[in-house]
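Please keep the sequence and the model in view while reading.

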Amino acid sequence: MADIIIKNAYVLTMDPDAGDIKKGTVVIEDGKITEIGVKTKESADTVIDAKGSVVMPGLVNTHTHAAMTLFRGYADDLQLAEWLEKHIWPAEAQLTAEDVYRGSLLACLEMIRSGTTSFADMYFFMDETAKAVEASGLRASLSHGLIELWNEEKGENDLKEGKRFVRAWQGAAKGRIKTMYGPHAPNTCSDEFLAKVKEAARQDGAGLHIHVLETEAELLAMKERYGKCSVHMLDDIGFFGPDVLAAHCVWLSDGDIEVLREKGVNVSHNPISNMKLASGTAPVYKMLERGVNVSLGTDGCASNNNLDLFEEMKTAALLHKLSTCNPTALPARQVLQMATVNGAKALGTETGMLKTGMKADMIIVDMKKPHLTPCFDVPSHLVYSAGGSDVRTTIVDGKILMQDYRVMVLDEQKVIEEAQKAAEELVARVNS
Ligand SMILES: C[C@H]1O[C@@H](n2cnc3c(O)ncnc32)[C@H](O)[C@@H]1O
Ligand SMILES: [Zn+2]
């Protein structure tokens, strides 16, 4: 007998070798997808009748800072440098481990509710984010943020903590947690330090998560310091490879795109954060055209201000039609691919597609809604009309985290109340 059978659903497989199934069944056993089709096994511990719904791969958020939910709406309408240096970093100096746990748990709840099944995170007190991931049932690739700021002692301490975290949590939560090294950015970490971090990652077989060329200010500072941009500096120190997840990549030249493609670097495109902080428009159309693996991220809740990847998908589609004056740029299926297949590739999670043998991370989206009626094309609705609140069921590793809008794994009210209290006390400390 199977663990879970989802039947009567529109199955959006995202598998290039298989089409969609209009009225199909997905069978889950031992955390994996064991059958997909029309005629499958019929008995299971849990049978979900998904008539009027779409079952699809869970969404993958490849760049966030989960605990920053506590700073949602804290410092709006600013450019990155002022936002970070005058508001966010002073506030983060007051963070406690408990705050990070509360904020991360709130983020996990928000992600479960809006259909994200795995995410990549870079922050501080990462044991707490890992505990929240463990408790929530989500999948995550976590890194301790390393911000050297040309201070050798700080760099050493940060790297020591990053290394401890990588080794302590690799493969935890029954393999749902992976760990990475998280050097913050080429304009906050020296080239020598970045080379050391790369070597540590190589020794531990861990990936690297870094912000790259988010702003023009970064590009100018790099040219001034090194006579070349971030991408070429990172390339020259041997930093790049398919183990690298580069967030933002806004201020890229054609040559930079070629380097990213050649080295198999994974890019996390964060259109809402880039728009809100007025950082610029990443050349996503060109990157995709040239074969760079571009995925989607929300960034943290202080620059977005939520974790809803449905909003991110729609924004990406619209932004790149506008920026290229080309309505055929980033069609719905390609954007869905960025949020699923490409994200899973970036995190190396064996998810992102509904395919026999893959890990069972999937969501069921309720299509019986006024704003989703009528439905001529499912991908179109998922990108242009649906929102995170249309997700009715979320499954990770074959475990149901939310069923019919009811979150099964967390005490929702308690998570919200405790995060609210933590945020109020944190801001009071910042202002005192
Ligand atoms: C881990 C550190 O990164 C900071 N951060 C959050 N969002 C961004 C961003 O868009 N660019 C650069 N740095 C960012 C976060 O506040 C932590 O200090
Ligand atoms: Zn970020």
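This is a predicted model: local features need pLDDT of at least 70, side-chain atom pairs count only at pLDDT 80 or more; totals for chains, interfaces and linings use all residues.

A salt bridge is here a side-chain nitrogen of Lys or Arg within 4 Å of a carboxyl oxygen of Asp or Glu. By this rule 3 salt bridges are found across the interface of domain 1 and domain 2.

The protein chain is divided into domain 1, made up of 2-57 + 354-407, and domain 2, which covers 59-347. Between the C-alpha centres of domain 1 and domain 2 there is a distance of 28 Å. Where the two parts meet, 28 residues of domain 1 are in contact with 29 residues of domain 2, and the area buried between domain 1 and domain 2 comes to about 2,300 Å², with carbon and sulfur atoms giving 65% of it. On the side of domain 1, the residues that lose the most area to domain 2 are Met14, Val383 and Tyr384, which together account for 29% of what that side buries.

Which elements supply the side of domain 1 that touches domain 2? Strand 5 (53-57), strand 14 (362-366), helix 13 (378-385), strand 15 (391-396) and strand 16 (399-403) each supply at least two residues, and helix 13 gives the most, with 5 residues. Sorted by class, this side of domain 1 has 20 nonpolar, 4 polar and 4 charged residues.

**Salt bridges**

Side chains of opposite charge can pair when their charged atoms come close. The count of salt bridges comes to 27 by the rule used here. One of them joins the side chains of arginine 113 and glutamate 412, with 2.6 Å from N to O. That pair links distant parts of the chain, as arginine 113 belongs to helix 2 (residues 97-114) and glutamate 412 to helix 14 (residues 412-431), 299 residues apart. Another salt bridge brings together the side chains of arginine 333 and aspartate 20, again with an N to O distance of 2.6 Å.

**The surroundings of ligand 1**

Ligand 1 is surrounded by 16 residues, of which Trp89, Glu92, His184, Glu214 and Asp299 are the closest.

| Residue | Atom of ligand 1 | Distance |
|---|---|---|
| Histidine 65 | nitrogen | 3.4 Å |
| Histidine 248 | oxygen | 3.5 Å |
| Aspartate 299 | oxygen | 2.7 Å |

**Backbone details**

A cis peptide bond joins asparagine 304 and asparagine 305, with omega at about 15°, and asparagine 305 is found in the loop between strand 13 (293-296) and helix 11 (309-324). The peptide bond from threonine 373 to proline 374 is cis as well, its omega being near -5°, and proline 374 lies in the loop between strand 14 and helix 13. Finally, phenylalanine 125 has a positive phi of about 50° although it is not a glycine, and phenylalanine 125 sits in the loop between strand 7 (116-123) and helix 3 (126-136).

Note on methods: Residues are numbered from 1 along each chain as its sequence is written. Chains are lettered from A and ligands numbered from 1 in the order in which they are written. Side-chain values use heavy atoms; hydrogens and water are left out. Domain bounds come from an automatic or database domain assignment. Contact means heavy atoms within 4.5 Å. Buried area is the accessible area (1.4 Å probe) that two parts lose on being put together, summed over both. Helices (H or I, at least four residues) and strands (E, at least two) are DSSP runs, numbered from the N terminus. Ala, Val, Leu, Ile, Met, Phe, Trp, Tyr, Cys and Pro count as nonpolar, Asp, Glu, Lys and Arg as charged, and the others, Gly among them, as polar. A residue is near a molecule or strand if one of its heavy atoms lies within 4 Å of it. A polar contact is a pair of N or O atoms within 3.5 Å; within protein, one must be able to donate a hydrogen and the other to accept it, and residues adjacent in sequence count only if both atoms are side-chain atoms.
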